[in-house]
Amino acid sequence: MMNYSITALFWLATATLLLGLWKRTKLWRAGQPAEFAWLNLLAIPKRYFVDLHHVVAREPFIARTHVATAGGAVAALGLVAINYGLMLYCAALNWAILAATAIMLIGVFFVWLRRRNAPARLSRGAWSRLPYSLAAFALGLLIVNLPVTVLSAGVAVFALLLLLVGSAELALGIGLGGPMKHAIAGLLHLAFHPRQERFSGKLSTALMTLDLTNQEYGINKPSDFKWNQLLGFDACVQCGKCEAACPAFAAGQPLNPKKLIQDLVLGLSNDEKSGKTDANFAGSPYPGLPIGEHSGSMHAPIVPSLIEAETLWSCTTCRACVQECPMLIEHVDAIVGLRRNLTLTQGAAPGKAPQTLENLRQTATVGGYDRNARYHWAVDLDVKTIQPNMPVDLLLVAGEGAFDMRYQRTLRALVKLLKAAKMDFAVMGALERDTGDTARRLGDEATFQSLAKQNIDTFNSLTFKRIVTADPHVMHSLKNEYPALGGNYEVLHHTTLLAQLASSGQLKLGKSAETRKLTYHDPCYLGRYNGETDAPRDLLKAIGLQVNEMERSGLRGRCCGGGGGAPLTDIPGKQRIPDIRIQDARNIGAELVAVGCPQCTSMLEGVVRNRPDVLDIAELVASVMEHAS
Amino acid sequence: MRYPNLFSPFTLNKLTLRNRIVSTAHAEVYAEQGGLPGERYIRYYEEKAKGGLGLAICGGSSPVSIDSPQGWWKSVNLSTDKIIEPLSNLAEAMHRHGAKIMIQATHMGRRSAYYGEHWPHLVTPSGVREPVHRGNAKTIEAEEIRRIIKDFALAAKRVQAAGMDGIEISAAHQHLIDQFWSPRSNFRTDEFGGSLANRMRFGVEVLTAVREAVGADFCVGMRMCGDEFHEDGLDHETLKEIAQYMSETGLIDFISVVGSGADTHNTIANCMPPMALPPEPFVHLAAGIKSVIKIPLMHAQSIRDATQAERILENCWVDLVGMTRAHLADPHLVTKIRDGREDEIKQCVGANYCIDRQYLGQDVLCIQNAATSREATMPHIIVKTTGKKRKVVVIGAGPAGLEAARVSAERGHDVVLFERNMSVGGQVNLASKVPQREQMAGIIRWFDMETKRLGIDRRFGVAADSAMILAEKPDIVVLATGGSSHMHQVPAWGVAEGLAVSSWDILSERVAPGKNVLIYDSMSTHAGFGTADFIASRGNNVELVTPDVKVADDVGGTTFPIFYRRLYALGIIPTPNYWLDRVYAEGDKKIAVIRNEYTEELEERAVDQVVIENGTTPNDELYWALKEQSANHGQTDINTLFASEAQPALSMPLKEGEFLLYRVGDCISMHNIHGAIYDALRLCKDF
């Protein structure tokens, strides 16, 4: 009797789940087409146990908890499927189910423990019932599998009820959007992730290229996302790791990446009349914006009814959220996709962004400068300016920072070092146009593509082997985003090149006389976007300086606030992002912050004194040369 | 982009300047025997190149002919081939740091001293004497004109051969070319006089010969005046005509403009505008000339600040800004502007110590920077010591003490600075109370900011005694306690009886000025006249009595005219050649008894107030209190000091509680601001 009940319950639950999945799939398929291959499903185990686990394992407590809970549950379900689903009713398998449910129960206990003292980033609401519903499932299954021949009727009914409640949580999640949706959507997201390169050990940080001739103007409504992006949003477990990492959220600007993803999940609704409101969202709101006033549906414009524009413009595109997300969700792609639509169809970028985009269109510089002035700082340095038919090994692309007298110090130091290493190099002079990085982050794909194509034409007319730049944003554009438009170059950050030259002995370095306590700030576009965290540290070490690490460094470094056009859109918050970063430096007693990016330099130097001094690594290394000579 | 104009490169002929900032030609008085630049000369300019400037034009008034004497003021001598080698060393040094270098070439005509070297008979268009230099001169003859034109061409060839970047021909300050231009000095009736075209002939022929000598690609400029400020001289409109004509000859690549003639004592004071004049007083003359010429224009005269310079460029008044005295005060000016360290710039205040020395034939020195022109021995950038970190206690925050504290802190030592008053500055605070000399305070402003930036422990309102000093456990004590008004030299002045007060009493406003005041100034420096000006400006009657040959006799050629303008405007009565014998009271009047230096005759003045300026007497109580306890008995070894070497006592091992004691500035004996700062720099740079 009991066995048959369980079999019935199993198939009922399975049918319910499949029905729910079918319903949810219909919603995902409202999105735009994307590449699809059934074979990807085979990749799930590796992606789960390697790529996903790599992120989750950063927090060992919750990793172990999840292994016990989910591992126990999956094992128990598999065994139930065999033993009850196939109606084998084998006693030995009961023992195995018992063991699996016991492990799951232990895991659930720790889920419960954690929920008792949950960090603010975790969502409450439906997620708070999870320890209980999962416990009900495990306990119910445990009881019905106990090796006793007869359970009292009361206990049996109680156990079946527990099992029913627990099974409902598992089976209804995907269809009704409950917490357990994440299990199914998460696994499918791993299979059909929009950035498949992520699973081949490569960084995948370039923004997708819009086909403007095909009138692709970014995301206006949820159905404008690709179907696998919509699937990705459904994978969110509302753990809030993104929220805790987000610099804009910390600064009190109206952005919370977790809420943003949940808002997009709300958009997965065909209820066109009222849409779904965010009233049930049980996590931290966008700072300064009340909950319950926004709603959306699949074919309704997202901005502003579902998400306010200022939320999108608060993002620095630092990718800290993406870096932290255990479900490998791509928040920045979503934000830039939405920005693109605002900028391309409405010209609605705020603050100084429209002026900047106009400058870029008219002058090919961010600041609206005369391009001929870009290398004025080099006029007394005896630096070659590249021309067609003048081959050089190394092309120095200075970027917008070359117009800034502060950054010119870095560039002069870099030139001095390249000369000391006897490099054959030249600058671009008036041929250089802005890479279009800022335009692209501000959603102006058209200006980006136009600038990129002009630059690619220029590069194609020149002869050089490699490009070096001291600006990670320039590096990211040229190295990661130009290939999609036909420009393929070997691009080095100056610290990478200098570290190579130093280790090969081509650049002979002495020891620095610097005595101030030093830390290094990882630029997001160098670290997270390009994976380079060692070269700057190696260089500092090579000149005898010890790097004292701040809270959040390397690939998990905290943003300076300067990326993604955020200083231009300038959405107000409670404090400024660079103030937070400088506080990190103060907290470890640093008197000097080494940097490798003009944006970071100007953002961090923009913090009022007293604060640590800010020097580019090139300046620190060049000062050693002065001592040596 | 900060300073988009200041830092935009500029092209003169084939030459690219890295920025718009120029050190224009000035007389340095550094050349060695025979008028050849040596190490001092080259390092002086090289420091500016290191400091980032675009172009320096050296050798103000470097003569091309041997009848234009240079020996008496140690100018560069372009009349000999021997000049090529030192100039090429100079050019090489400048180019090493990315700067360009030109030299000014001229013939001074009557504007010199005939006894200067070969006792030549000076030449001038019409034999009219020049008053400032007592320049008696003969009327120049056609043969001499031909010779001098040839000399200009030869000099230009030498400059080019040395690898210099260009040459500037001077037609300013009433040199020979503008002696021809000016109706004040040219009364000729031949082809070189009369019409403007005739008066310009000599200059045009000089420039033609120079251009022929150097070819089309070498940079040739001309410096000229924008208005002579004489009724019978060249006015602005005529000078515009000249400039336009010269620019259209195609012979020159730029024109540099200065305001004011310079052939009288009063006009000279305008040329290097002292602090009494407003900023950039003559930029309108430069802009006027720029409006009629098609070649670039350069202008200097009281452009001391980066934003000021940027504004002048932005308004398109000039193409290149001369910041010449600004570079004397801080040769690293440009780098500091460029690197966002404007607050660290030692800014020229227009005290004109530099030019006032030059007019006496003394080497040019900066009142506030003792390293300028002493680059071989005195550092502009003080590097941290690699030796022991010491505790340095400095007493007194006047210029000497501030420099001692600053230099010691830059060396990396732990510095405590005691000051009796509530602020830094010492006697300079009094000097800046004088009307039209408020900018003296700028000297102190820089020290104030630097000593703050360096984190020096500054303790104000503390009259340190020896116990307090020793409680600091110092390794070195530097006394910079300055001086006090020297009032007790002659008891008969009645200071003790209250019959006379000091200039300090007046300037510090401790004592209100009287209605009828006799000022006795035994020093003839800025303080005495300044006190007279201070009192007279408040509507009182002042007689200024001095035993010197004239009042304010020791204030220099560009400063005394400013004082004299005020003397006559305010009705101050100058009474030189009298000593003050005694003062006595009669009723509510003070009777001052003065004695003529030359006749010994006594005169009496009945006044409300007698004010005495008699310099300072050292504040040396602390010295005597500490001398015997100090390890070096307070002695500064002058052999090593004068050789710019470290004091031998610094290498002495000190026992617990032992310290070294040094003194700098007026607390030894009365010097001036430069002397005080130099004392401190040369002593403390090796701490």
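Two strands count as paired if DSSP finds at least two bridges between them. The views below are all taken from a predicted model.

**View 1. Strand β4 of chain A with its two partners, β5 and β6.** Strand β4(A) and strand β5 of chain A, residues 425–427, pair in the parallel sense over three bridges. In this pairing A:Leu396 has A:Val427 of β5(A) as its bridge partner. Strand β4, residues 392–396, also pairs in the parallel sense with strand β6, residues 464–469, of chain A, here over four bridges. A:Leu395 stands opposite A:Ile467 of β6(A). Strands of a sheet pair through backbone hydrogen bonds, either parallel or antiparallel.

**View 2. The barrel of chain B.** Eight strands of chain B close into a barrel, in the order β3-β4-β5-β8-β9-β10-β11-β12, and the pairing is parallel. From one strand to the next the twist averages 25°. Helix α2 of chain B, residues 84–96, packs on the sheet and touches β4 (55–63) and β5 (100–106) of chain B. The direction of helix α2 makes about 145° with that of β5(B).

**View 3. Strands β10 and β11 of chain B.** Strand β10, residues 254–258, and strand β11, residues 297–300, of chain B pair in the parallel sense over three bridges. Within this pair, B:Ser256 stands opposite B:Met298 in β11(B).

**View 4. Helix α7 of chain A and what covers it.** Helix α7 of chain A, residues 181–192, has twelve residues. From its first C-alpha to its last, helix α7 reaches 16 Å, close to the 16 Å expected at 1.5 Å a residue. Ten of the twelve residues of α7(A) are buried, and the helix is mostly covered. Among the buried residues of α7(A) are A:Ile184, A:Leu188, A:Leu190 and A:Phe192, and A:Lys181, A:His182 and A:His189 are buried in α7(A) as well. The cover over the buried residues of α7(A) includes α1 (2–28), α2 (44–56), α6 (153–176) and α8 (227–234) of chain A.

**View 5. The surroundings of A:Ala76.** A:Ala76 is found in helix α3 of chain A, residues 60–85. A:Ala76 counts as buried because it has 24 C-beta neighbours inside 10 Å, and the cut-off for a buried residue is 20 or more. Not counting residues up to four places away in sequence, A:Ala76 touches A:Ile97, A:Ala100, A:Thr101, A:Met104 and A:Leu141. The C-alpha atoms of A:Ala76 and A:Arg558, 482 residues apart along the chain, are separated by 41 Å.

**View 6. The surroundings of A:Thr410.** A:Thr410 has its place in helix α16 of chain A, residues 405–420. A:Thr410 is buried, since 27 other C-beta atoms lie within 10 Å. Leaving aside neighbours within four places in sequence, A:Thr410 is in contact with A:Ala470, A:Pro598, A:Asp616, A:Ala618 and A:Glu619. A:Pro350 is 60 residues from A:Thr410 along the chain, and 31 Å separate the C-alpha atoms of the two.

**View 7. Two cis peptide bonds in chain A.** A cis peptide bond joins A:Val303 and A:Pro304, with omega about 0°. A:Pro304 is found in the loop between β2 (295–296) and α12 (309–313) of chain A. The peptide bond from A:Arg609 to A:Asn610 is also cis, with omega near 5°. A:Asn610 is found in the loop between α24 (598–605) and β10 (613–616) of chain A.

View 8. B:His173 is a residue other than glycine, and its phi has a positive value, near 60°. B:His173 lies in the loop between β8 (166–171) and α4 (176–181) of chain B, and counts as buried because 23 C-beta neighbours are inside 10 Å. Phi of B:Ser524, also a residue other than glycine, is near 60°. B:Ser524 has its place in the loop between β19 (516–521) and α18 (526–536) of chain B. With 22 C-beta neighbours inside 10 Å, B:Ser524 counts as buried.

**View 9. Where chain B meets chain A.** Eleven residues of chain B are in contact with twelve residues of chain A. By class, the side of chain B that touches chain A has three nonpolar, four polar and four charged residues.

Methods
Residues numbered from 1 in each chain as written. Chains lettered and ligands numbered in written order. Predicted model: local features only at pLDDT ≥ 70, side-chain atom pairs only at ≥ 80, totals over all residues. Contact = placed C-beta atoms within 7 Å. Nonpolar A, V, L, I, M, F, W, Y, C, P; charged D, E, K, R; others polar. Helix = DSSP H or I, 4+ residues; strand = E, 2+ residues; numbered from the N terminus. Axes fitted to C-alpha atoms, helices over the stretch in contact; angles between N-to-C directions. Expected span 1.5 Å × (residues − 1).
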